[in-house]
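I opened my notebook to record what I could look up in one structure, entry by entry.

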Amino acid sequence: VQLQASGGGLVQPGGSQRLSCRVSGGIFSSYVMGWFRQSPGKEREYVGVITWAGGVPYYADSVKGRFTISRDKAKNTGYLQMNSLKPEDTGVYYCAAGESTSPWVGGYNYWGQGTQVTVSS
C-alpha cells in the first residue's frame with residue numbers, strides 16, 4: 001500500500017486548506033486512514049482517522065469542530081478539510097494506513113511522505 005499526500009501550502013490564520021491522500025497498490029477496504037501532523041521539535045500528533053469501509057471519522061480534541069475527514073472510495077482518496085486554521089496548526093501533515101482506529105503512531109503500517117501546512121500572516 002502506498003499513500004501520497006498533497007495540498008499543503010501557506011494559509012492565513014482563520015483560513016482553510018484541504019489536504020488529499022491518494023492510496024494505491026493494495027485493497028484498502030479493510031484499512032483505516034489516519035491523519036497526523038508534526039511540527040519542529042515535537043512528536044508526531046494524532047489529528048484524526050476515518051474507517052475506509054464505513055466512512056466514520058474520529059477526531060482529536062484539538063481539531064474537533066474545525067477539521068473534517070472524509071474519503072472517496074471511487075477515487076481511492078482521503079481528504080482532510082481544515083477550517084479556522086490557527087498558527088499552532090502549522091506542521092507537516094501525514095496520512096497513514098492502519099488496521100484499527102488508533103490514535104497512536106505505532107498503530108499504522110504505511111505512511112505517506114507528508115505535506116507542509118504553514119499558518120501565518
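The entries below take up the strands and then the salt bridges.

**Entry 1, ground rules.** I noted that this is a predicted model, in which local features need pLDDT of at least 70, side-chain atom pairs count only at pLDDT 80 or more, and totals for chains, interfaces and linings use all residues. Residues are numbered from 1 along each chain as its sequence is written, and side-chain values use heavy atoms, with hydrogens and water left out.

I looked up strand 11, residues 115-119; strands here are DSSP runs of E with at least two residues, numbered from the N terminus. For burial I used relative accessible area with a 1.4 Å probe and protein chains only: buried is under 20%, exposed is over 50%, and partly exposed lies in between. In a regular strand the side chains alternate between the two faces of the sheet.

**Entry 3, neighbours of strand 11.** Two strands pair if DSSP finds at least two bridges between them. Strand 2 (residues 9-11) runs parallel to strand 11 and is joined to it by three bridges, with Gly9 opposite Val117. Strand 9 (residues 91-98) runs antiparallel to strand 11, also with three bridges, and here I found Tyr93 opposite Thr115.

I then followed an open sheet of four strands, whose order is 1-3-8-7 with antiparallel pairing. Strand 1 (2-6) and strand 7 are its edge strands, each pairing on one side only. Strands 7 and 8 are joined by six bridges, and Asp72 has Thr77 in strand 8 as its bridge partner.

I counted four salt bridges in the structure, each being a side-chain nitrogen of Lys or Arg within 4 Å of a carboxyl oxygen of Asp or Glu. One of them joins Glu45 to Arg37 at 2.9 Å, N to O; Glu45 counts as partly exposed because its relative accessibility is 33%, whereas Arg37, at 6%, counts as buried.

Which residue forms a salt bridge with Arg66? I found Asp89, with the closest N and O atoms 2.8 Å apart. The pair links distant parts of the chain, 23 residues apart, and both residues are buried. Arg37, Glu45, Arg66 and Asp89 are linked in a network of salt bridges.
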